[in-house]
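Subject: Structure handover

Hello,

Here is the structure that I am passing on to you. Please keep it open while you read the notes below it.

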Amino acid sequence: MSSSPTLARDLSSPPLAKESSTRLVFQMALRDVSVLFRTPWIIITRSLAFVIQLFVFAFLISGLIHVPGLNFFQYYAVGSVVATIASISFVIGYDIFEEAEEGVLDYLLTLPISRRQFIIGRALGGALRAIIYIIPMFLVVALIEGFAQPLSIISALLSLFLLAFGVTGMSITVAVSVKSANRFDVVLALLELAVSRASTALYPITFMPLYVSVFAPFSPVSFAADSARASLVGFTLDLPAIAGLIAFVVVFLGLGAAFYFRRLEGGIYS
Amino acid sequence: MSIITFDNAGKRFGSLDAVKDFSITIKDGEILGLLGPNGAGKTTLMLMMGTVYRPTSGTISVNGYDVVKHPNEVRKLIGIAFQDPRLDGILSAFDVLNWHLKMTTLFDKVERRRRVEDVLKSLDLWEARKKRTWLMSGGMKKKVEDAKILVQRPSIAVFDEPTAFLDVPSRLLVWKMIRQLRDEGSTVIVATNMMDEAERLSERVAIVNKGKLVASETPEQLKGTVKGGEVLELTLNDGSEFKPGLLKEFPEVHDVKQQDNKIMVFLNSGTLLLPKIVDTLSSQGFKIESVRLKEVSLEDVFLTYTGQRLE
């Protein structure tokens, strides 16, 4: 065994991480993103599955559905990317719940970052991770759609990012509010089902039964899907949809932080 | 000068008081041992101090900052190494420590690497620096957990059972590195349920039991509170009929405690009294399986204060 370190020479007063909140939020986010890059096979296999789903399932279905003025293959292509990013964004909640059960969350909470920054960092990390994850699929879809100009891509990605940011906030809210693992799984699965399926991501609102079509226009997934389609096909900005997405982000990041303060520091996981 | 003050601090989970009316002042630059059995409330105390849990009663201040009102300021001062390693399993030991430094200091990449390398080499983990922590043994994980605080060098370093799962050479090394941390100016708090760790590492020991502070002095002062200065340990084959009054008749005997078939006699002049005690017990029909005469240890102190053994 080697000798102990001679650290005393210049370590007596280490610089503290002060006045660097942006840096800390960014580091917290990068921690979640780095997990993705340590398991690149997940991106590769999921991308392959997406390509097969698109060019087999969607291609076949679009041959069966004939709607005047609608190319269902193109419609489904955009929607499936949006539904995928929503699904991936929910994963951060599972991560946080698992960290709480394993005690890693206690460690993270001792770090010199405020609770609000912590929530924003985790949501940002989850959203960035989701965006990176779907980029290969998104590029395939953008080519299928025949995007008008590079700004179309940026605009569509912005919508997807806002959706991912809000969904991660929603997922974190659930993770810090539900104590039982079983209940957490059920609640998150139901939420995912509700926001993705009761939306205009995979089928137009005109084909939905009334009890779904009433809610679908207000789903954040609908906002993102409609906005991304508007951007990619003809480059128009769907401002109401983007406003809806921003409201979604604000509400759920706020709720995440509020629930966090109220429940987690009270020792919900102890 | 005090740096941490617990003032009637308490933490209640539902109907359970994990910590109750806990008051202590921790001096700047000292090593304080928190000694208590599992479930005594040591970890809860540390998590309240580290702003993870909010106290439900009383106040805790760290360097003048109230942990509830100014948690961000408190977090900048404290580093906690947990009892069970809290590591990202997918990360390597090097990455865990490097990220910890990114979050807790403003060191540049070169300085971060130098610190991590120094500590990992000292802990004999340098060769395994790229190994994902979930693939490491319990002892290696524990060393990585301790290493987080050893690379950070915070003003207040908290170690929860720092040498659990470690072999003897590693324990001695970690103790040495913790002392070095204190020598550099850190205040160190070590929670432990190991008597030798508390005795050899701490300048002051706080005995915690059932969420309450039972006593707080230097190890020597604590031993001095036990009357007699010697302890006679007797193991009977059957202690069910034993009555402490039997031995309290001797003026040299100050106290007698019993746990099952083990009798602890706190006394002085033990060498002279030993044959008389053995004769007395034998004449009453007790069969003595073993006898041991020793000086008072922290273990005896703990037994005296709490009425129970720690290990």
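The largest pocket has a volume of about 880 Å³. A pocket is found on a 1 Å grid over the protein atoms alone, as an open set of points where a 1.4 Å probe fits, with protein on both sides within 12 Å along at least five of seven lines; lining residues have an atom within 4 Å of a point. Grid points are joined across faces, edges and corners, and the volume is the space filled by probe spheres set on them.

This is a predicted model, in which local features need pLDDT of at least 70, side-chain atom pairs count only at pLDDT 80 or more, and totals for chains, interfaces and linings use all residues. Residues are numbered from 1 along each chain as its sequence is written, chains are lettered from A and ligands numbered from 1 in the order in which they are written, and side-chain values use heavy atoms, with hydrogens and water left out.

In the largest pocket, 26 residues form the lining, and Val35(A), Asp95(A), Glu98(A), Asp88(B) and Ile90(B) lie nearest the centre. H4(A) gives the largest share of that lining, six residues. Helices here are DSSP runs (H or I, at least four residues), numbered from the N terminus. By class, the lining has twelve nonpolar, four polar and ten charged residues. Ala, Val, Leu, Ile, Met, Phe, Trp, Tyr, Cys and Pro count as nonpolar, Asp, Glu, Lys and Arg as charged, and the others, Gly among them, as polar.

The second largest pocket has a volume of about 430 Å³. It is lined by 17 residues, with Ser80(A), Ala83(A), Thr84(A), Ser87(A) and Arg197(A) closest to its centre. Here the largest share, six residues, comes from H3(A). The lining consists of nine nonpolar, five polar and three charged residues.

The whole structure holds 13 aromatic pairs over all chains. Rings of Phe, Tyr and Trp (its six-membered ring) pair if their centres lie within 6.5 Å; planes under 30 degrees apart count as stacked, over 60 as edge-to-face and the rest as tilted. One tilted pair is Phe55(A) with Phe73(A), at 5.9 Å centre to centre and 50° between the planes. Phe55(A) lies in helix H2 of chain A and Phe73(A) in helix H3 of chain A, so this pair ties together parts that are 18 residues apart in sequence.

Regards

Conventions:
Helices (H or I, at least four residues) and strands (E, at least two) are DSSP runs, numbered from the N terminus.
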